[in-house]
Amino acid sequence: MQEDNPTLSSTYNNVGYALKLLGRYEEATSYFQRALELKENIFGKDHLSVAFTTNNIAGLLKEQGKYDEAMEYHQKAIEIYKKNDGEAESVAEIYELMADSLKLQHKLEKALCHYRKAFHIYTNALGNEHFDVANTLNNIGEVLWMQGDLNESMKCLKDAHNIYSKTVGEAHCNVAEVYRNMGHVQHKENELGKSLEFFEKALGMFTDTLGSDHEEVAATCKAMGTLLRQMGRVEAAIEMDGRANGIRQSLPSGRKAQEESDP
C-alpha cells in the first residue's frame, strides 16, 4: 500500500484508537503520529483532519503525564483551526483541554486563563445558556475554589447549575460534578454538614449515571473520606477511602495516576 494512501492513514488511526481503548497509550501515540505524518503529506499541514489527529495525540500524551508535549500539540491544533473559518468551538474545546492539563499540574492561574478563553469563545459562538458554557463555568468554579476564591467560585457553580437545569435536567453527571465542587467550597468554608450533603448528592448521581466503579465515584468517595475524618467519623471515612482505592486500583495506569493527583 502506498505511503500517501488515505486508507493507510485511516488504518493507523483505527489501530491507534483500539490501543487507546486498551490503555496502551504509548503504542497508540505511535500509530497516531504515523497517521499524522501521512495526513500532512496528503492534505497539507493546515487541513482540519491534521488538526484533529494532532489534538488526539495531545490527549494521549496527557494520559501518559507528558503535559509539556501535550501542550505543544494542542497549540499546533489551535493554530490550524484558527486558519479555518467556522472552527471557533474547536479552539475553545482545546483551550479547555489545555486548562485541564494545567490544572492537573496545579498551575491554577494559567488553567484559569485558558478556561476563561474558552468561556468567551463559547458565549460568543453559542450564547449564554449553552451546555458547553455550563461546563466551562463549572471548570472555572473548580479552579477558583482551589485558589481560595470561594464566593466567586460558588457564583460560577450556581450559574453552571442553572444552565444544566435548563439544558439536560437535574439527573446528569455534570450536575453531580457541580454538586461535588459546591461540596468542596462548603468544606473550605468549614460548613462541614452542608459539604457532606453536596458530596452525598454527587455520589448518588455519579453512581446512578456512570456506575459504581467509575473514576468520578472514586474522586467523590475520596473527598467524602477526607471530610468525614475531619468530622470525627473515622469508621465512615475509612470505608469511603477503601471504596475510592478499590475503584482506582481497577483503572488503567495513566488514568489512575491522574486521579491520584486530583485534589
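1. Lys-155 is partly exposed in this predicted model, with a relative accessible area of 49%. Its side chain meets that of Asp-159 in a salt bridge, 3.6 Å from N to O.

2. Lys-103 and Glu-142 are both buried.

3. Arg-229 and Asp-241 also meet through their side chains in a salt bridge, at 2.7 Å from N to O. Here the link runs from helix H11 to helix H12 (residues 234-249), so parts that are 12 residues apart in sequence are tied together. Arg-229 is partly exposed, at 38% relative accessibility.

4. Helix H11 spans residues 215-230 and includes Glu-215. Is Glu-215 buried or exposed? Glu-215 counts as buried because its relative accessibility is 17%, and the cut-off for buried is under 20%. Its C-alpha atom is separated by 13 Å from that of Met-205, a residue 10 places away along the chain.

5. There are four aromatic pairs by count. Among them, Tyr-17 and Phe-32 are arranged edge-to-face, with 5.1 Å between centres and 85° between the planes. Tyr-17 sits in helix H1 (residues 6-21) and Phe-32 in helix H2 (residues 25-43), so the pair ties together parts that are 15 residues apart in sequence. Phe-32 is buried, at 1% relative accessibility, whereas Tyr-17 is partly exposed, at 31%.

6. Two charged side chains are placed over tyrosine rings. The charged end of Arg-34 sits over the ring of Tyr-31, 4.6 Å from the ring centre. For Lys-201 over Tyr-179, the corresponding distance is 4.9 Å.

7. Which residues touch the most other members of the largest nonpolar core? They are Tyr-95, Tyr-179 and Met-182, in a core of 72 residues. Apart from neighbours within four places in sequence, Met-182 is in contact with Met-154, Leu-157, Lys-158, His-161 and Phe-198. Tyr-179, another of those core residues, is the one whose ring lies under the charged end of Lys-201.

Conventions
Residues are numbered from 1 along each chain as its sequence is written. This is a predicted model: local features need pLDDT of at least 70, side-chain atom pairs count only at pLDDT 80 or more; totals for chains, interfaces and linings use all residues. Side-chain values use heavy atoms; hydrogens and water are left out. A nonpolar core is a set of buried Ala, Val, Leu, Ile, Met, Phe, Trp, Tyr and Cys residues joined through side-chain atoms within 4.5 Å. Buried means under 20% relative accessible area, exposed over 50%, partly exposed in between (1.4 Å probe, protein chains only). Contact means heavy atoms within 4.5 Å. Helices (H or I, at least four residues) and strands (E, at least two) are DSSP runs, numbered from the N terminus. Rings of Phe, Tyr and Trp (its six-membered ring) pair if their centres lie within 6.5 Å; planes under 30 degrees apart count as stacked, over 60 as edge-to-face and the rest as tilted. A charge sits over a ring if NZ of Lys or CZ of Arg is within 6 Å of the ring centre and within 35 degrees of the ring normal. A salt bridge is a side-chain nitrogen of Lys or Arg within 4 Å of a carboxyl oxygen of Asp or Glu.
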